[in-house]
Amino acid sequence: MHPSCSWHHHFPAVPRAEPAPKAVFSYREGDSQVLKTILKRILQIIPVLFVVVTITFVLTRLIPGDPATVMLGPQASPDAIAQMKERLGLDKPMWEQYVNYLLGVLQGDFGYAYSYSGPVLPIILDRLPATLMITITGLVIAILIGIPIGVESAVKQNTAFDYVFMVLALVGVSMPIFWLGLMLVLFFSVQLGWLPAMGMGSAAKGAWDVISHMILPCSCLATIPGATFARITRSSMLETINADYVKALRARGLTESVVIWKHAFKNALPPILTVLGLQLASAFAGAILTETIFSWPGLGTLIVNAVNSRDYALIQGIVLFSAVIFVFVNLVVDIAYMLINPRVNYESGGQS
Amino acid sequence: MAQDAQEVLEKTPESGRILTVHDLHTYFHTASGIAKAVDGVSFTLDRGKTLGIVGESGSGKSVTAASVMRLLPKNGRIESGEIIFDDNDMVTIEKDKLLDLRGNDMAMIFQDPMTALDPVFKIGSQMIEQIRIHDHMSKAEARERSIEMLKLVGIPNPESRLNSYPYELSGGMCQRVMIAMAVSCHPKFVIADEPTTALDVTVQAQVLELLKDLQQQLDTAILLITHNLGIIWQMADTVMVMYAGRTCEYAPMEDLYARPLHPYTWGLLDSMPKLSDAGKTDLKTIPGVPPDLRLTGACCNFYNRCPYATEHCRTEVPKLKEILPGHFVACHRQNGVNKLTRGEVNAHE
Amino acid sequence: MADKNTQAPSADTLSEASTLEMLKRERRANNAWHKLSRNKTAVIGLVIVVIMVILAVFATFIAPQDPNAIDIAHTYLKPGAAGHIFGTDSYGRDLFSRIVYGARISIFVAIGGTIVGAVIGVLLGLVAGFFGGIVDSIIMRIMDGMMAFPFILLALILMTILGTGTLNVILAIGIANVPNFARIVRGQVHVVKNEEYCNAERVLGASNARIVFRHIFANALSPIIVYFTLNIASAIISEAALSFLGLGITPPTASWGNILSDGKNSLQLAPHIATISGIFILLTVLGFNLLGDGIRDVLDPKQKR
């Protein structure tokens, strides 16, 4: 190994001719700038949330029919319907209903789901873990498989490896998720009988029961995001791999894997994070369709049932819930973006 | 008869020799043909000395340097030739040994300092990373060394500078940081690829001063690549003039300026505006453009722009031969075949 | 005196000829059509799209049987049986004919929905970008709000409001797509508004309208075309998803989505229904994706692919 050199102690520093330049950002300035930008970003979600609540309210009100009639059935008398309307607050003017709704939401009151005979929010929270189980697992699998494939494809650009995987990825993003689910069921359940097609399994029957029920839905939910990650990672890496500093890093004697995975990858992260945010947010959409196929008792089947039974409050509640989650997920992704890429703050001052 | 370059180089004593490049051919394989970026280049470099490679864009000077450190892009390949660095055969060296040498015994300074540093890591972390790869020491010790290196290159407030990102520094500062990183492990050899091209003129002078100082202190050999003859004058001990992938002239710096022998060198020197011109004459240029490197190979590459070309120049590649002691030229006419008349030569002294 | 060729001659070939040849080759290679046609993947995409469109347009001529002809005696026939290339579905209807007619509906709906979304979205984007200020903020906040809802959820709710039916599906998909187009166009307007040459032209006195149409349009056009193509791909899946959930095109009208839904119910009995309809969806989406990628490569050479 090269001996540690201490020669530089003996030589005086080169006197500098240029005056000490005024730093563009000193360390302390830079850090507080980041904080300011993050704070700004957090405040930006307030108008968006407001719009979200409003859109939800408007949309639900637009659904034809009225909750009272639906709840009481077509045989109910007009009096009963009128009474129910009063109970539900539907006889009040629209703007008053809106304000009541807004206030209710802020206090956690999302209404009453008649088809489940209970307040909306607890029902949602009760079914949420089941959805999270398969969506989070699916996304993690997608990340663990998709991103490395993307990096390798970029490194091995235009080789057979690259070609094969990018074709697979393209097919992956082109397939309907519900078809994929059906094919998985067809192959692994119907034909091979290896895995169960429906339901969640129970912990009481052991870990394998739960896991075996999860395998197909998770695979289904992992495929399309995985393909997307592979593609975006590859294209982002291609840009960083050819940058000047990569050559300089190699010239310093860093190993190829450090150059690629520590340096090039970190630079390539921003678009990947953006896609991650989008995937997290649209995970619910995939869940709706997947849960339908696998009869998985999560939020997806909940919303489909709610729509079919015209349970307005429940529909409203789930829609609002998923939109709010989306906004917060995007916020987290944006903040992570800012923390990773210091230049974003400097140049754009936090504009999206 | 002028002696062949290879024979001369082989005879020279090897004691201070750090780098020998012999008949290097580096080609780029593109979809539309093979570009012969370096087509038969030879030179040597001794410790503590500076070799300047001068030429216009596309002459192959950067590719030569990249070949020495094996930093070519995917479609570039060293087709043939020898590169011996400090007793290491750089063409056949194993990856591990190569990584050991890079950043350690051999270092490189790049043209655009702003883009040569990783933008998402702090300066300090990049410097510490490099030091720790080559010299096993703790993070704290590496940090100490980094601070000393920054002081050495004249950066104020080195302790807080370590926490800056590259975009927070000016071009000159970035270049100093790059130099600090390059010398942090006491390299025997540094390639400076157009180190001042992207900088303001005042900063240029400081950076060159810095390089010269460091060279004196560390007895480092420098391979200086530039298209600026003024920088060559300041820094180089020996000069190699390249054109379209080949060496035109290779001589000690004073000899080159005092007695240039290759028509291309004449053109280069003439194109520099001089104070004595008194502002009345147009800038002299060499008419024509360099050849497409996919088509070169079979004759003198300067043929179509050379005012003194003959039919022989069109049919045979001129070899590098020693015309005067230590002074090599690759030109058919100067090599004794159809020698340029005294009159023509005198006009360019 | 040496001749002033721009290339050093090689000893064996005539310099002029070889240079000219190389220049000609380069010029041809840079021509857009040539680039597109040489891009193999884009060509494959185009071929697939053209085939599907032909199926859709000439459905009446291509389909051997009436897609809605029920034949209880011959339900769930396997592909290849008794003159049914793809077999029959749960009502004995010829699957091939239904797929062909389904192409018509699915593609028509997808393109229609995308057009609706594009027209409204581009208009909103232009308005927001050009007027800036409060108008811009309001419009973009609404767009952000709309984008907060998962696409399928939004489309689902819209279908609940509008009711099922082909036109409504087009409308629902269109409305759900508006924010994406609006965002792209507005971004482009901003970029171009701030570009140097726009300011230069303003200094020179060119009217605002001229600036809009020459620069903004030209710049925004390529990302819009690319996005339009890719959007058709996702619109096909959206229609299929809605029909799959029972909220899109309802039977007896054939759409790939509701055929797939039918296939789900008969997965064990007749797996070919689900499999084949899904493959058609996949192929068409793949085709539009390839085409969109190819167009992007041609129009935006900066991207390294």
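I count two strands as paired if DSSP finds at least two bridges between them. Helices (H or I, at least four residues) and strands (E, at least two) are DSSP runs, numbered from the N terminus.

The model is predicted: local features need pLDDT of at least 70, side-chain atom pairs count only at pLDDT 80 or more, and totals for chains, interfaces and linings use all residues. Residues are numbered from 1 along each chain as its sequence is written, and chains are lettered from A and ligands numbered from 1 in the order in which they are written.

Entry one: strands of chain B. I looked up β5(B), residues 76-85. β5(B) is joined to β6(B), residues 88-89, by two bridges, and the two run antiparallel. I84(B) has D89(B) as its bridge partner in β6(B). This hairpin has two residues between its strands, and D86(B) takes a positive phi near 50°. I then checked β2(B), residues 17-30, which pairs with β5(B) in the antiparallel sense over eight bridges. Y27(B) has R77(B) of β5(B) as its bridge partner.

Entry two: domains of chain B. I took the bounds from an automatic or database domain assignment. Domain 1 covers 3-105 + 185-335, and domain 2 covers 116-184. Their centres, taken over C-alpha atoms, are 30 Å apart. I counted contacts between residues whose C-beta atoms, placed from the backbone, lie within 7 Å. On that basis, 16 residues of domain 1 of chain B touch 14 residues of domain 2 of chain B. On the domain 1 side, helix α8(B), residues 201-218, gives the most, with seven residues.

Terms used:
Two residues are in contact if their C-beta atoms, placed from the backbone, lie within 7 Å.
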